[in-house]
Amino acid sequence: MLAFITIALLVLLFIIYKLILIVEMREICVVERLGKFRGVLQPGVHFLIPFFDTVAYRHETREQVLDIPAQNCISRDNIQIIVDGLVYIKVMDAQKASYGIEDYRRASVNLAQTTMRSEIGKLTLGQTFSERDNLNEIIVREIDKASDSWGIKVLRYEIKNIVPSTEVVHTLEKQMEAERSKRAEITLAEAAKESTINLSEGERQEAINISEGDKQKQINEAEGKAREIEILADARAQGVTMVTQALAQPGGDQAMKMRLLEDFIKQTGDILSSAEVTIVPSELAKLEGFFTGMDKVTANLNGAEK
């Protein structure tokens, strides 16, 4: 009797377990009745017909991240590189995800790999690094077209690593080293060129400054000489003017003659004292008396004419 009751309770619990279905918030369930699609159950409590209704598929409604394994790709410039990435998908239609494809996860990964190989083959090695964002968008667009019948949505694709082969890495390192050496040589050459130009400019400016200095010196000397000549000419002109004015005064002629006589006697005495051969009379007193007499004779003649 006890055994019968126990068996009955177990059967009842099994029937209740098959009758009540609790769908969690993070998933949706596809229910089949006698092997035929019945419907999609959203999160909550649902009642099933035991032994007729069964949960055929359970799908994650949250965004799923699928790891794309690393694979070898050949770029447009025939360089072998290893690429891996991540694809983000979300189930949008549970019925298509259940009956449209066998395994949408594996299909998404394989499609991402084939699309990646195809797109990498269109780019050079340098472009694969510089156009990663554009490459991600192209892969998302291509996968999304094919996955529409699968009931999923490809949200985005991210390339994790782009690694060239070891031989290519060594070649690139040598190329970069050569490029650095080239830039260093160019920099040194430019510095030497700038130094030569600066030196030549300095010498040229120095020569110009010296030439300008000599030119200004000659101009100053010429202006000084011209000024000196001008001052001397002005002084002589003033002297002549003063002499002319003095001669115009009463007794001016006599004073002028006396002044000339004194200068003549003085200069004659100087000449006689310094000359070794004398050709002029040495008795200056007689010579002075001679000129004095000549002045008197001239004065008498002038008086007689008046």
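User: What share of the 306 residues of the protein counts as buried, and what makes a residue buried here?

Analyst: In this predicted model, 23% of the 306 residues count as buried. The cut-off is under 20% relative accessible area.

User: What makes a set of residues a nonpolar core, and how many residues does the largest one have?

Analyst: The members must be buried residues of nonpolar types such as Ile, Met and Tyr, joined through side-chain atoms within 4.5 Å. The largest such set here has 30 residues, and Ile-81, Met-116 and Tyr-157 have the most contacts inside it. Two or more residues each come from β6 (64–74), β7 (80–91), α3 (104–120), α5 (132–147) and β8 (152–164). The largest share, six residues, is from α3. There's also a second, separate core of six residues, with Leu-21, Cys-29, Val-31 and Leu-41 among them.

User: What is Met-116 in contact with, beyond its neighbours within four places in sequence?

Analyst: Contact means heavy atoms within 4.5 Å. With those neighbours left aside, Met-116 has Gln-71, Cys-73, Val-83, Leu-135, Ile-139, Tyr-157 and Ile-159 as its contacts.

User: How do you know that the span of α3 agrees with what a helix should give?

Analyst: Take 1.5 Å times one less than the number of residues. For the 17 residues of α3 that should come to 24 Å, and the end C-alpha atoms are 24 Å apart, so the two agree. Quite a few α3 residues are buried, including Tyr-104, Ala-107, Val-109, Ala-112, Met-116 and Ile-120.

User: Why is Asp-103 called a cap of α3?

Analyst: A polar contact needs N or O atoms within 3.5 Å. A side-chain oxygen of Asp-103 lies 3.1 Å from the backbone nitrogen of Arg-105. That distance is within the cut-off, so the pair qualifies, and it sits at the N-terminal end of α3.

Note on methods:
Residues are numbered from 1 along each chain as its sequence is written. This is a predicted model: local features need pLDDT of at least 70, side-chain atom pairs count only at pLDDT 80 or more; totals for chains, interfaces and linings use all residues. Side-chain values use heavy atoms; hydrogens and water are left out. Buried means under 20% relative accessible area, exposed over 50%, partly exposed in between (1.4 Å probe, protein chains only). Helices (H or I, at least four residues) and strands (E, at least two) are DSSP runs, numbered from the N terminus. A polar contact is a pair of N or O atoms within 3.5 Å; within protein, one must be able to donate a hydrogen and the other to accept it, and residues adjacent in sequence count only if both atoms are side-chain atoms.
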